[in-house]
Amino acid sequence: MKFRDVIIKRIFDILVSLSSLIVLGWFIVVLVVLAFIDTGRHGIFKQKRIGQWGKSFYIYKIRTMQHLPDGSLRTTALGRFLREMKWDELPQLWNVLKGDMSFVGPRPDIPGYADALEGEDRIILSVKPGLTGVASLYFKDEEELLAQQENPSTYNDQVIWPKKIALNKAYIDNYSFFKDLRILFKTVALSFGLK
């Protein structure tokens, strides 16, 4: 990615994330309150993820899972709706504004995946992770796909993860700001149930 592309991408990220937080801030607060009532825990969930250059950061989401008495977790009805609409990702606008993330890029993974990349695959760590990306759109039904597998973890490691690497490398090798805009528009359309 050229230096000019990096600057344009960052300016876009700052302007759009800031204006989105101003416009949607009240809505995010409402979702946080509803998630607190729904799950009985703090409405914001944070988790360590791997970002640009392999540096870790905390990603923010609306909490969608409830702790059960036996210690297990289950996604609530509200949580399923928020995930389907992608509204649980809205707090990541703060991650974008802070500079941990970009609007478009490889989705940030938990430790053990992106930070373990080797050779030319490490090009994925040269860009900021995104709220959405080519792999996110390709695997838009990833949770359902994994739920259908006999061994979801193995399927993720052997099928989904290698495909994500290939898609993300192609995104970086053929980067264009206008492609970013198309990915964003497709993501917004999907979040409102449009194809």
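1. Is Asn-151 buried, partly exposed or exposed? The model is predicted. In it, Asn-151 has 42% relative accessibility, so this residue counts as partly exposed. Asn-151 sits in a loop, with helix 5 (142-147) on one side and helix 6 (152-173) on the other. Its side chain makes a polar contact, at 3.2 Å, with the side chain of Thr-154.

2. The largest nonpolar core has 32 residues. Those touching the most other members are Leu-31, Ile-62, Trp-87, Leu-90 and Phe-103. Two or more residues come from each of these elements: helix 1 (3-39), strand 2 (56-62), helix 2 (77-85), helix 3 (92-98), strand 5 (102-104), helix 6 and helix 7 (177-191). Helix 1 gives the most, five residues.

3. Trp-87 deserves a look. Neighbours within four places in sequence aside, Trp-87 is in contact with Phe-27, Leu-31, Ile-62, Phe-81, Leu-82 and Phe-192.

4. Another core, of five residues, lies apart from the largest one. Its members include Ala-135, Phe-139, Leu-146 and Ile-160.

5. Now the second largest pocket. Its space is about 190 Å³. Helix 4 (134-138), helix 6 and helix 7 each give two or more residues to the lining. Helix 7 supplies the largest share, four residues.

6. What lines this pocket, by residue class? The lining divides into six nonpolar, one polar and three charged residues. Among the lining residues are Val-134, Leu-137, Leu-167, Tyr-171, Asn-174, Lys-179, Arg-182 and Lys-186.

Key. Residues numbered from 1 in each chain as written. Predicted model: local features only at pLDDT ≥ 70, side-chain atom pairs only at ≥ 80, totals over all residues. Heavy atoms only, no water. Buried < 20%, exposed > 50% of the residue type's maximum accessible area, 1.4 Å probe, protein only. Polar contact = N/O pair within 3.5 Å; in protein donor to acceptor, adjacent residues only side chain to side chain. Core = buried A, V, L, I, M, F, W, Y, C linked by side-chain atoms within 4.5 Å. Contact = heavy atoms within 4.5 Å. 1 Å grid on protein atoms, 1.4 Å probe; cavity = no way out; pocket = protein on both sides within 12 Å on 5 of 7 lines; lining within 4 Å. Points joined across faces, edges and corners; volume = space filled by probe spheres on them. Nonpolar A, V, L, I, M, F, W, Y, C, P; charged D, E, K, R; others polar.
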